[in-house]
Amino acid sequence: MTSTVEVSPAARRSAELEDEITADPSRFRILTGDRPTGPLHLGHYFGTLHNRVRLQRRGVELGLVIADYQVLTDRDVADDLEIHVLGLVADYLAAGIDPDEAMIFTHSAVTALNQLMLPFLSLVTVPELQRNPTVKDEIGHSRQAGVSGLMFTYPAHQAADILFCKANLVPVGADQLPHLEVTRLIARRFNDRHGPVFGEPEALLSSAPLLLGTDGTKMSKSRGNAITLGATAEETARLIRGAKTDAHRHITYEPGTRPEVASLVLLAALCEDRDPGEVAAEVGSGGAAALKARVTEAVNGAFAPLRARRAELAADPGYLRSVLRAGNARATELAEATLAQVREVMGTRY
């Protein structure tokens, strides 16, 4: 008997979108981005950054929002914001994003984008916002004693991020599909209530590899368990030496039963563009010490060019600011055009 693996509608549509991108990439505009809460790490690189570079090189128009306002959704103060914003720009460019083609901008610089959030909030109910999985997760991990009102605007703000520039494609993980559905819902309700302005953006599912932090938990900027893109070779070696493994000497790739070891094997495999099972077999009875040496060599070898480029970029903050100014200007032009359409159909052009 032949077994079949059920493919979700979202995954099936995502595969179709990849084919459509290949056929005509100029049809698509992507919007994605990051909160500037710290430097990006290897999990970000293999989870999102390399995919953004891939799509841009295929000819898809790319917008990257540095969501500085959203830093305040789960904390009282946005510490070292300018450092983190410029650091994100350096990370993007060092990873291969072309600043002449990509629109890299910050929330706080694009007034018209943020103004769209007000009518968007009128299109969703409080229970709908409270049920949003991302909002519930952020509340659970909030650094605030009390949840601020900004937390509940998060889905509508993200809808404004996507819709202001008429993006029609959003790369997401499967866990983020409900979040994108809020954007699609807002677009639908706005068009029904006021008039046709917005399309409904689609999800491009990414199968991001699961890389654990050095302590065996989720890799995170805030947990101190991540290897950042700008880490030196020495820092990388130190972090990997201290990475959690298990008591079994023989190295195998078994994510379900040996997650910490499997994560290290996977990291080496990604850096070497190899199959993780083959990497594990080659390390074999060498044990954790041999595995960590292999991972260190793989990471430092693969990321040496990126790190050198990032160091050059970080040493020239004036250039990084010029990239942001250009992106902010372009985003402002698009946002103001969209806001003018919104005012027209809402009857608020006085």
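The buried residues of helix H4 are covered by elements that include strand S3 (103–106), helix H7 (150–163), helix H8 (177–193) and helix H13 (317–346). Helices (H or I, at least four residues) and strands (E, at least two) are DSSP runs, numbered from the N terminus. This is a predicted model in which local features need pLDDT of at least 70 and side-chain atom pairs count only at pLDDT 80 or more, while totals for chains, interfaces and linings use all residues. Residues are numbered from 1 along each chain as its sequence is written, and side-chain values use heavy atoms, with hydrogens and water left out.

**Confidence**
- The protein has a mean pLDDT (the predictor's confidence in each residue, from 0 to 100) of 92, and 94% of its residues reach 70 or more.
- Residues 1–5 have pLDDT below 50, and this stretch has zero contacts (heavy atoms within 4.5 Å) in the model beyond near neighbours in sequence.

**Helix H4 and Met-346**
- Helix H4 spans residues 111–121, and its Ala-112, Leu-113, Asn-114, Leu-116, Met-117, Pro-119 and Phe-120 are buried; buried means under 20% relative accessible area, exposed over 50%, and partly exposed in between (1.4 Å probe, protein chains only).
- Met-346 is part of helix H13, and it counts as partly exposed because its relative accessibility is 31%.
- Leaving aside residues up to four places away in sequence, Met-346 touches Pro-119, Phe-190 and His-194.
- Met-346 and Phe-190 are 156 residues apart along the chain, and their C-alpha atoms are separated by 9.5 Å.

**Packing of H10 and H11**
- Helix H10 (residues 259–272) packs with helix H11 (residues 276–283) at an angle of about 115 degrees, their axes being 8 Å apart; axes are lines fitted to C-alpha atoms, for helices over the stretch in contact, and angles run from 0 to 180 degrees between N-to-C directions.
- H10 is therefore roughly perpendicular to H11, under a scheme where angles under 35 degrees count as roughly parallel, over 145 as roughly antiparallel, 65 to 115 as roughly perpendicular and the rest as oblique.
- On the H10 side the contact is made by Val-265, Leu-266, Ala-268, Ala-269 and Glu-272, and on the H11 side by Pro-276, Val-279 and Ala-280.

**His-84**
- His-84 lies in helix H3 (residues 81–95) and counts as buried because its relative accessibility is 17%.
- Residues up to four places away in sequence not being counted, His-84 touches Pro-36, Thr-37, Gly-38 and Asp-79.
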